[in-house]
Amino acid sequence: MKTKFTLIAAMMLLFTISASAQAQVVHPWKGKKVAYIGDSITDPRQGASKTKWWGHLQQWLDITSYVYGISGRQWNDAINQANKLKAEHGNDVDAIIIFLGTNDYCHGVPLGEWYSETDAEVLAAQGETKKLEKRKQRHFVFGNDTYKGRINMALDSIKRMFPDKQIVMLTPIHRGRAYFNDRNWQPTEDYTNWCGEYVDPYVQAIREAGDIWSVPVIDLHAISGIYPMHEVQETFGHGNDRLHPNDEGSRRIAKTVYYQLLALPCTFD
């Protein structure tokens with residue numbers, strides 16, 4: 001009997017400590033200054049939702065938001081948006097979140113390669129005197145002609161501009177139909193784009209870029225739960241616009257990002 005009461009007491013103590021610890025948790029992004037680089041899903045002027053995903057984070061976490069997303073933009077505009085951030089706020093920003101890629105897929109930007117490779121010589125030694133050895137050497141591919149070249153250029157530039165800042169990338173969400181008018185009629189993601197690619201490798205490239213450039217990735221494509229290909233998820237979109245999240249869709253994205261950011265420092269002070 002004594003053992004039973006001792007176990008119950010220990011469990012109650014553990015619950016009290018756990019509840020106390022939870023009450024003391026402060027979100028690491030609370031009260032910070034965060035810049036947002038992106039496209040129409042981030043652009044405050046795009047009308048699918050009254051409050052954008054970053055607007056919810058602003059409300060919940062008292063974030064100061066610097067928003068540079070512009071409708072229709074692709075990864076080749078990331079540097080322009082970062083330059084504007086630098087010009088307007090200098091180094092007075094805590095973190096940068098980049099949410100791009102869906103328009104590169106839509107416009108058929110070729111995927112390209114992360115690296116090129118050359119024959120090279122390099123000094124090396126292991127247990128003996130150093131000497132020149134012939135080895136392969138890889139080099140980043142930079143350029144606006146390919147998707148991966150654009151991402152390389154952007155992350156290289158932004159890391160040089162903001163070397164001590166947290167940078168986070170978000171993968172594109174799933175793409176439903178976007179039928180705006182006869183000059184802007186975008187099929188669902190189960191069709192290839194103009195260069196014969198599905199959206200999947202464009203999403204995968206963001207995941208790979210996180211490994212290559214040591215940038216945390218929040219995989220909204222996989223974990224947001226938004227799948228506008230199903231009619232029953234119309235609650236997250238608008239009729240013929242299943243590309244841009246509505247109020248409920250934006251809130252769901254924000255909720256997902258909110259909890260993912262709990263695991264990431266905003267600053268490194």
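Start by selecting Arg 138 and Tyr 115: Arg 138 lies over the face of Tyr 115, at 4.2 Å from the ring centre. The rule for a charge over a ring is that NZ of Lys or CZ of Arg sits within 6 Å of the ring centre and within 35 degrees of the ring normal. Then jump to Lys 255, which lies over the face of Trp 60, at 5.2 Å from the ring centre.

A word on what you have open: this is a predicted model, where local features need pLDDT of at least 70 and side-chain atom pairs count only at pLDDT 80 or more, while totals for chains, interfaces and linings use all residues. Residues are numbered from 1 along each chain as its sequence is written, and side-chain values use heavy atoms, with hydrogens and water left out.

**Stop: ring pairs**

A pair of aromatic rings is described by the distance of the centres and the angle of the planes. Here, rings of Phe, Tyr and Trp (its six-membered ring) pair if their centres lie within 6.5 Å; planes under 30 degrees apart count as stacked, over 60 as edge-to-face and the rest as tilted. That rule gives 10 aromatic pairs.

Select Tyr 105 and Tyr 202. Their ring centres are 5.7 Å apart and their planes stand at 70°, so this pair is edge-to-face. The pair links distant parts of the chain, with Tyr 105 in helix 4 (residues 102-106) and Tyr 202 in helix 6 (residues 200-213), 97 residues apart. Helices (H or I, at least four residues) and strands (E, at least two) are DSSP runs, numbered from the N terminus. Both Tyr 105 and Tyr 202 are buried; buried means under 20% relative accessible area, exposed over 50%, and partly exposed in between (1.4 Å probe, protein chains only).

Next, pick Phe 140 and Trp 213. With ring centres 4.4 Å apart and planes at 15°, the pair is stacked. Phe 140 lies in strand 5 (residues 131-140) and Trp 213 in helix 6, so the pair ties together parts that are 73 residues apart in sequence. Colour by accessibility: Phe 140 is partly exposed at 30% relative accessible area, whereas Trp 213 is buried at 10%. While you're on Phe 140, draw a distance to Asp 156: the C-alpha atoms of the two, 16 residues apart along the chain, are separated by 9.6 Å.

For a group of rings, select Tyr 36, Trp 53, Trp 54 and Phe 99, which form one aromatic cluster.

**Stop: the second largest pocket**

Now show Asp 43, Pro 44, Arg 45, Val 67, Tyr 68, Gly 69, Ile 70, Arg 73, Asp 77, Asn 80, Gln 81 and Lys 84, the lining of the second largest pocket. On a 1 Å grid over the protein atoms alone, a pocket is an open set of points with protein on both sides within 12 Å along at least five of seven lines, a cavity is a set where a 1.4 Å probe fits but cannot get out, and lining residues have an atom within 4 Å of a point.

How much space lies in the second largest pocket? About 160 Å³, where a volume is the space filled by probe spheres set on grid points joined across faces, edges and corners. Helix 3 (residues 78-89) gives the largest share of the lining, three residues. By class, the lining has four nonpolar, three polar and five charged residues. The classes are: Ala, Val, Leu, Ile, Met, Phe, Trp, Tyr, Cys and Pro nonpolar; Asp, Glu, Lys and Arg charged; the others, Gly among them, polar.

Go to Asp 62, in the loop between helix 2 (53-61) and strand 2 (64-67). Its phi is near 55°, a positive value in a residue other than glycine, and Asp 62 is exposed at 55% relative accessibility. Ser 214 also has a positive phi, about 55°, although it is not a glycine. Find Ser 214 in the loop between helix 6 and strand 9 (217-218), exposed with a relative accessible area of 60%.

**Stop: around helix 8**

Select Gly 249 in helix 8, buried at 0% relative accessible area. Its C-alpha atom is 9.9 Å from that of Pro 228, 21 residues apart along the chain. Ile 226 is in the loop between helix 7 (220-223) and helix 8 (247-261), and is buried at 6%.
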